[in-house]
Amino acid sequence: MSKEPNSNTIKEQTKQYGRQLWELIQTQVQKHSGSEETVPVKYVPPKKTAEHPWLMILLLSAPYLLLVVFIVSFFWDFNEMTTTLFGLNFSFEGLLRIVSVSGFIGFLTNWLAITMLFRPTQKRPLLGQGLIPAQKDRIAYRLAKAVSEDLINPQIIKRKIHESQAIAKYREKATVYVKNIIDDPEFRASLKVLVISYVDEMIADPEVRSSIAKKLMEQIDDAIEENSFEKVALRAYSFLKGQEMQDLVESALVKLPTGIEHGLNKMDTFLNELPAKLDEHGSVIEEMVTGLLYKLINQLDVHALVEDNLRQYDEKKLENLIKNASNDQLKYIQYLGAVLGTFGGFIIWEPVASILLLAFIISFTLLADILIQRLKNNRFNSSSSSK
């Protein structure tokens with residue numbers, strides 16, 4: 001009585017040949033990968049630097065200059081110096097102390113405000129916690145909402161896919177790629193050897209051969225009516241041969257690999273027709289891929305994806321992320337506080353005259369900016385019209 005084949009053995013053999021087939025395909029992919037287009041490098045915007053580097057250098061030197069002025073004020077500070085201008089008396093005594101202290105207050109105020117954005121990273125009993133670390137979850141939620149609603153959502157992704165015709169382009173490239181692989185004689189020969197080896201090894205196993213023969217006999221019995229002429233003829237043939245019909249089928253199965261080897265020539269015909277078939281059914285393939293891709297997109301929760309990833313950022317990483325994008329601007333704001341504080345010192349020293357002078361400086365700066373911008377626009381318009 002024949003035993004059922006070991007299913008684990010068959011599975012292991014199938015997995016082994018599956019791995020060999022995958023290795024064969026990978027070899028061909030690597031062989032033909034040279035013809036693939038290289039992926040373009042994504043443009044990374046450079047960090048924006050100040051248009052006038054000298055201005056940043058002056059701002060960076062402002063706190064040190066104020067420190068020198070503050071020290072000098074202990075030894076000399078326009079002692080008893082006065083002057084009259086437009087009928088107004090101006091006393092300069094104590095001006096250095098006022099200006100230096102006001103400048104330091106402006107610098108330290110901005111430094112403290114920027115520092116309090118990020119520090120302390122962990123909540124402290126008296127000092128509290130930095131604004132960004134304390135509101136990290138809220139920031140993650142709001143940023144994720146903005147991204148998912150305005151920047152990346154299923155509708156936008158679908159529209160971009162449709163506009164770019166990416167699926168059709170990559171389907172055409174895939175067809176050409178498949179053709180390059182299957183036209184390789186080495187690939188075809190290796191594929192035939194792999195198929196023959198698999199069938200040969202499976203049929204060589206007596207248990208597998210017995211199981212196949214048994215199932216074939218069951219299908220034959222089901223196909224032939226009881227007491228029919230065909231069934232009587234089969235039994236008579238088995239009796240005359242002196243063998244059971246299952247043994248005859250098993251003997252025929254032993255010759256199966258040889259028959260497959262001669263029949264594999266038809267595989268060349270199938271492989272030759274495969275690219276044309278892919279092109280013929282290209283629209284169906286594109287619709288199927290598009291439908292699957294849209295289902296995947298609809299299941300993609302962009303809001304949860306962005307929010308979860310931002311929540312996983314620790315406080316230090318979040319601080320570095322923001323500073324790397326805007327560190328120069330933060331420094332500019334911090335050191336500009338020293339300059340503005342210095343102007344505040346002049347206002348404390350002589351309010352009316354300083355405010356008038358400051359208003360003149362601001363007005364002159366705004367007017368100069370408007371004139372320069374108009375000159376640039378006129379030059380741009382004239383160069384565009386000449387082209």
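Contact means that heavy atoms lie within 4.5 Å of each other. The legends below describe a predicted model, in which local features need pLDDT of at least 70 and side-chain atom pairs count only at pLDDT 80 or more, whereas totals for chains, interfaces and linings use all residues. Residues are numbered from 1 along each chain as its sequence is written, and side-chain values use heavy atoms, with hydrogens and water left out.

**Figure 1. Overview of the protein chain.** The chain contains 17 helices and 2 strands; helices (H or I, at least four residues) and strands (E, at least two) are DSSP runs, numbered from the N terminus. Of its 387 residues, 26% count as buried, where buried means under 20% relative accessible area, exposed over 50% and partly exposed in between (1.4 Å probe, protein chains only). Among contacts between residues at least 6 apart in sequence, 73% join residues at least 24 apart. The accessible surface comes to about 28,100 Å², and 63% of this surface belongs to carbon and sulfur atoms. Accessible areas come from the Shrake-Rupley method with a 1.4 Å probe; for residues, only the protein chains shown count as cover.

Figure 2. Ser102 counts as buried because its relative accessibility is 11%. Its side chain reaches the backbone oxygen of Ile98 at 2.8 Å. This is a polar contact, a pair of N or O atoms within 3.5 Å; within protein, one atom must be able to donate a hydrogen and the other to accept it, and residues adjacent in sequence count only if both atoms are side-chain atoms. Leaving out residues up to four places away in sequence, Ser102 touches Gly341, Thr342, Gly344, Gly345 and Ile348.

Figure 3. Is Gln334 buried or exposed? Gln334 is buried, because its relative accessible area is 13%. Apart from neighbours within four places in sequence, Gln334 is in contact with Phe107, Asn110, Trp111 and Ile114.

**Figure 4. Aromatic pairs.** A pair of aromatic rings is described by the distance of the centres and the angle of the planes. Rings of Phe, Tyr and Trp (its six-membered ring) pair if their centres lie within 6.5 Å; planes under 30 degrees apart count as stacked, over 60 as edge-to-face and the rest as tilted. The structure holds 8 such pairs. One of them joins Phe70 and Phe74 edge-to-face, with 5.1 Å from centre to centre and 90 degrees between the planes. Phe70 is partly exposed at 25% relative accessibility, and Phe74 is exposed at 52%. The pair of Phe360 and Phe364 is stacked, because the ring centres are 6.4 Å apart and the planes lie at 20 degrees. These two residues are 4 residues apart in helix α17 (residues 351-386), so about one helical turn separates them. Both Phe360 and Phe364 are exposed.

**Figure 5. A charge over a ring, and an aromatic cluster.** The charged end of Arg97 sits over the ring of Phe74, 4.2 Å from the ring centre. A charge sits over a ring if NZ of Lys or CZ of Arg is within 6 Å of the ring centre and within 35 degrees of the ring normal. Elsewhere, Trp76, Phe78, Phe90, Phe92, Phe346 and Trp349 form one aromatic cluster.

**Figure 6. Backbone features in loops.** Most residues other than glycine have a negative phi, and most peptide bonds are trans. Phe78, although not a glycine, has a positive phi of about 50 degrees; this residue lies in the loop between α2 (53-72) and β1 (82-85). Glu80, also in the loop between α2 and β1, has a positive phi of about 55 degrees. Phe78 is buried at a relative accessible area of 18%, whereas Glu80 is exposed at 69%. A cis peptide bond, with omega about -10 degrees, joins Arg119 and Pro120. Pro120 is placed in the loop between α3 and α4 (131-134).

**Figure 7. The largest nonpolar core**. This core has 7 residues in all: Tyr177, Ile181, Ile182, Phe187, Leu191, Met267 and Leu271. Two or more residues come from each of α7 (166-182), α8 (185-204) and α13 (265-280), and α7 gives the most, with 3 residues. A nonpolar core is a set of buried Ala, Val, Leu, Ile, Met, Phe, Trp, Tyr and Cys residues joined through side-chain atoms within 4.5 Å.
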